[in-house]
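Come and read along, with the structure beside you.

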Amino acid sequence: MFKDMLVLELASVLAGPSVGQFFAELGAEVIKIENTQTNGDVTRSWKLASEPADTDTPAYFCAANWGKASLPLNLTDPTELQRLYELAAKADIVIASYKPGDAEKLKVDYKTLQTINPRLIYGHLTGYGPDDNRAGYDAVVQAESGFMYLNGEPGSKPTKMPVALMDVLAAHQLKEGLLVAMLQRAKTGEGQYVEVSLIKSAVSALANQATNWLVAGHNPQRMGSEHPNIVPYGTVYTTLDNKEVVLAIGDDRQFSRLCQVLGHSALSEDPKYKTNYNRVQHRQELNAALRKLIATINQQDLLSQLHQLHVPAGAINTVADVFEMPQAQQMLFQYAGAKPGIKQVAFSIHNTQLPALSPPPAYGSD
């Protein structure tokens, strides 16, 4: 698909490298430019306690670096900077994650590289946009964008999410921006500067929680896994065999079918629970009733009956459980002699064969 495309990755950690891997999966040649003064991408040092000290491709690094070549350069050295310029002259896309002003100091900013290659598309990830030179760290952006405040049980302290979701969201925004710039270039022949910030990506992703405030004047609070607008949705219940399930009842018909499976159809006819609006008003007592009913059925029996009636429900899986699912197995890279990897491309295009990828590169191996 992008077979003859060259992408230079001047980025580290998760967001930028995720975008680089995305293009690698679609056939582009991706060269990861690694800083010799830091021994490469900082995530090469982010190791679990169980990982060997001498590995430079630990689990975290492997999350976003499949299919790339590693080229260590000291961009403060004029000779090595010239080597980058030679690559930039042939490149289609540059992915960068410098603080505002740092790319200019290193002479690898868009204006500089664009004079070498007018067709170049330059994707720049920042923490807070071009006018704020703070470094962007996912945990801090989670806090500042409201996600930590919203995450957790009522009465508990704000809680960071277990995935660097702000990085993931920003990576998706940058992929979209770069693809739009590629469409523009196909029409005009000209390159483009695409800037994405973690904070704007995070604010955009507040979605209905943002409009609960902007439209309805409701300042969202921590609700655990409950949903402010729908009941029961996201609620976790324990079954007879002491396993957990989550319900995602999106409309009144689904609620009626849930009550049918639970052997208590009268519950769906109760005026307090008949419509979603009423269920939101009587959330606590409805949840108490559902907990008692669900506690009388084994997990798989309950899920099987609900799925037959197209009622949204699922088991609470561990990450190990997730990779027993056939859909998750389809998301794995398999490479002889390497541990499995996880794909960035989660869509499929019929009649298109994506290339096989090499595993994450050792530092300077290419």
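**Entry 1**

Cover here is judged by contact, meaning heavy atoms within 4.5 Å. The helix and strand names stand for DSSP runs, numbered from the N terminus (helices are H or I with at least four residues, strands are E with at least two).

A note on the ground rules: this is a predicted model, where local features need pLDDT of at least 70 and side-chain atom pairs count only at pLDDT 80 or more, while totals for chains, interfaces and linings use all residues. Residues are numbered from 1 along each chain as its sequence is written, and side-chain values use heavy atoms, with hydrogens and water left out.

Back to α14. It runs over residues 283–294, which is 12 residues, and reaches 16 Å from its first C-alpha to its last. That is close to the expected 16 Å, the expected span being 1.5 Å times one less than the number of residues.

Which residues of α14 are buried? I listed Arg283, Leu286, Asn287, Leu290, Leu293 and Ile294. They cover an arc of only 125 degrees around the axis, so they sit on the same side of α14; the arc is taken from the directions from the helix axis to the C-beta atoms. A reminder to myself: an α-helix has 3.6 residues a turn, so residues three or four places apart point the same way. Gln284 and Lys292 are exposed on the other side of α14. My cut-offs are under 20% relative accessible area for buried, over 50% for exposed, and partly exposed in between (1.4 Å probe, protein chains only).

**Entry 2: the whole chain**

I stepped back and found 17 helices and 11 strands in the chain. The C-alpha trace spans about 80 × 50 × 45 Å along its principal axes. Of the 366 residues, 43% are buried. I also looked at contacts between residues at least 6 apart in sequence, and 68% of them join residues at least 24 apart.

**Entry 3: a helix that is covered**

Next I turned to α1, residues 15–25. All 11 of its 11 residues are buried, so this helix is largely enclosed by the rest of the structure. Among them are Pro17, Phe22 and Glu25. After α1 comes glycine 27, with a positive phi near 105 degrees.

**Entry 4: rings**

How many aromatic pairs does the structure hold? I noted eight. Rings of Phe, Tyr and Trp (its six-membered ring) pair if their centres lie within 6.5 Å; planes under 30 degrees apart are stacked, over 60 edge-to-face, and the rest tilted.

Tryptophan 46 lies in the loop between β2 (29–35) and α2 (59–62) and tyrosine 60 in helix α2, so the pair ties together parts 14 residues apart in sequence. Tryptophan 46 is partly exposed at 36% relative accessibility, and tyrosine 60 is partly exposed at 29%. I also marked one aromatic cluster formed by Phe2, Phe22, Phe23 and Phe347.

Arginine 134 lies over the face of tyrosine 128, 3.7 Å from the ring centre. The charged end of arginine 222 sits over the ring of tyrosine 149, 4.9 Å from its centre. The rule asks for NZ of Lys or CZ of Arg within 6 Å of the ring centre and within 35 degrees of the ring normal.

**Entry 5: single residues**

Glycine 67 is in the loop between α2 and β3 (68–73), and at 17% relative accessibility it counts as buried. Leaving aside neighbours within four places in sequence, glycine 67 contacts Ala24, Val30, Leu357, Ser358 and Pro359.

Arginine 185 lies in helix α8 (residues 165–188) and is buried, with a relative accessible area of 7%.

Is histidine 310 buried or exposed? Histidine 310 is exposed, with a relative accessible area of 63%. Its phi is positive, about 60 degrees, although it is not a glycine.

Last, I checked the peptide bond from valine 231 to proline 232: it is cis, with omega near -10 degrees.
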